[in-house]
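Visitor: Could you walk me through this structure, starting with its pockets? I would like to know what each one is made of.

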Amino acid sequence: HLKFEKADGVARITFARPKHNVFNIDMMKEFVGVLQSLGADAELKCAVLLGEGASWCAGVDVGDHKPEMAHKMIDTFNRSLALIENLEVPTVAAVHGACLGGGMEYAIACDIVLAGKKAKFGQPEVKLGFLPPYAAIRLPLLVGPAKAIEVCTSGRIYSAEDARAMGFVGQVVEEDRFSDALESLIGEFAACSPLILRLNKRAVKENCGLAATDAVKKVSRLFLDELMKTEDTQEGIASFYEKRKPVWKNR
């Protein structure tokens, strides 16, 4: 149910379960396997999640929400979300069409959401008597508690522009520019050192929620004790003075 390719440090995972890329437990297990392999890839620079067909991902199979399936479904779903969050490189959800329920939860687990103009977002679980567990935790961090409660309790479907205004979508582009915008974003990561990308993401994630004085001390230690001791930082300095492109060694 997935297509996977990796080239030049860029991993592309495409959801490919017609008609709307609705996940079932087997597809989640497949996703977990791919994500685990990426976590061990030291050459990786970014991971991109795409969807095949009319929708990016319209959620998780309602059949897997039945009481006899719910524990297995939640455990597998939570594992896949944790693996996305724990990837040390930038993650991008390249969203078109419907991005609903568990699909929206996968999107907001990523660092960056790039959306086509016609993309639609929402957590409609409430209308079937459910709640979105991950969105209930992640959305307040992205949009604030009040807006998160609105999203979860109304079941409303939001446009890509609405989602961008709320703050969980970073960029909205016209459908005919979507591929170009995505490749431009990927190109920015591809031009960088895998190691330095990891250190930049770590600098953000490790210091979220810390008191300012503690955060400054911690990020300064990362800068001085780790970043400045890398060969790639020294190569970046040398390339600047020599007016050439850096040649990264990933160390």
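**Pockets, a cavity and a helix**

Visitor: Which residues line the second largest pocket?

Guide: A pocket here is an open set of points on a 1 Å grid over the protein atoms alone, with protein on both sides within 12 Å along at least five of seven lines; a lining residue has an atom within 4 Å of a point. By that test, the second largest pocket is lined by Glu85, Asn86, Ala109, Asp111, Tyr134, Ile137, Arg138, Leu141, Val204, Lys205 and Cys208.

Visitor: Before we go on, what kind of model is this?

Guide: Residues are numbered from 1 along each chain as its sequence is written, and side-chain values use heavy atoms, with hydrogens and water left out. Local features need pLDDT of at least 70 and side-chain atom pairs count only at pLDDT 80 or more, while totals for chains, interfaces and linings use all residues, since the model is predicted.

Visitor: Which element gives the most to the lining of the second largest pocket?

Guide: Helices (H or I, at least four residues) and strands (E, at least two) are DSSP runs, numbered from the N terminus. Two or more residues of the lining of the second largest pocket come from each of H2, helix H4 (133-143) and H8. The one that gives the most, with 4 residues, is H4.

Visitor: How many residues in the lining of the second largest pocket are charged?

Guide: Ala, Val, Leu, Ile, Met, Phe, Trp, Tyr, Cys and Pro count as nonpolar, Asp, Glu, Lys and Arg as charged, and the others, Gly among them, as polar. The lining of the second largest pocket has 6 nonpolar residues and 1 polar, and its charged residues number 4.

Visitor: What volume does the largest pocket have, and which residues are closest to its centre?

Guide: A volume is the space filled by probe spheres set on the grid points, which are joined across faces, edges and corners. For the largest pocket this gives about 400 Å³. Of its 22 lining residues, the closest to the centre are Val60, His65, Gly101, Gly102 and Glu125.

Visitor: Which helix gives the most to the lining of the largest pocket?

Guide: That lining divides into 15 nonpolar, 4 polar and 3 charged residues. Helix H2 (67-86) and helix H3 (102-109) each supply at least two residues. With 4 residues, the helix that gives the most is H2.

Visitor: Which strand gives the most to the lining of the largest cavity?

Guide: A cavity is a set of points where a 1.4 Å probe fits but cannot get out. Counting those of 30 Å³ or more, there is 1 cavity, and the largest has a volume of about 40 Å³. Its lining, with 8 nonpolar residues, 1 polar and no charged, includes Ile13, Leu35 and Cys110. With 3 residues, the strand that gives the most is E3 (residues 46-51).

Visitor: Against which helix do the buried residues of H10 pack?

Guide: Buried means under 20% relative accessible area (1.4 Å probe, protein chains only), and in helix H10 (residues 231-241) this holds for Asp232, Thr233, Glu235 and Ser239. Seen down the axis, they fall within an arc of 160°, so they line one face of H10; the arc is that of the directions from the helix axis to the C-beta atoms. With contact meaning heavy atoms within 4.5 Å, these buried residues of H10 pack against helix H8 (194-205).

Conventions: Buried means under 20% relative accessible area, exposed over 50%, partly exposed in between (1.4 Å probe, protein chains only).
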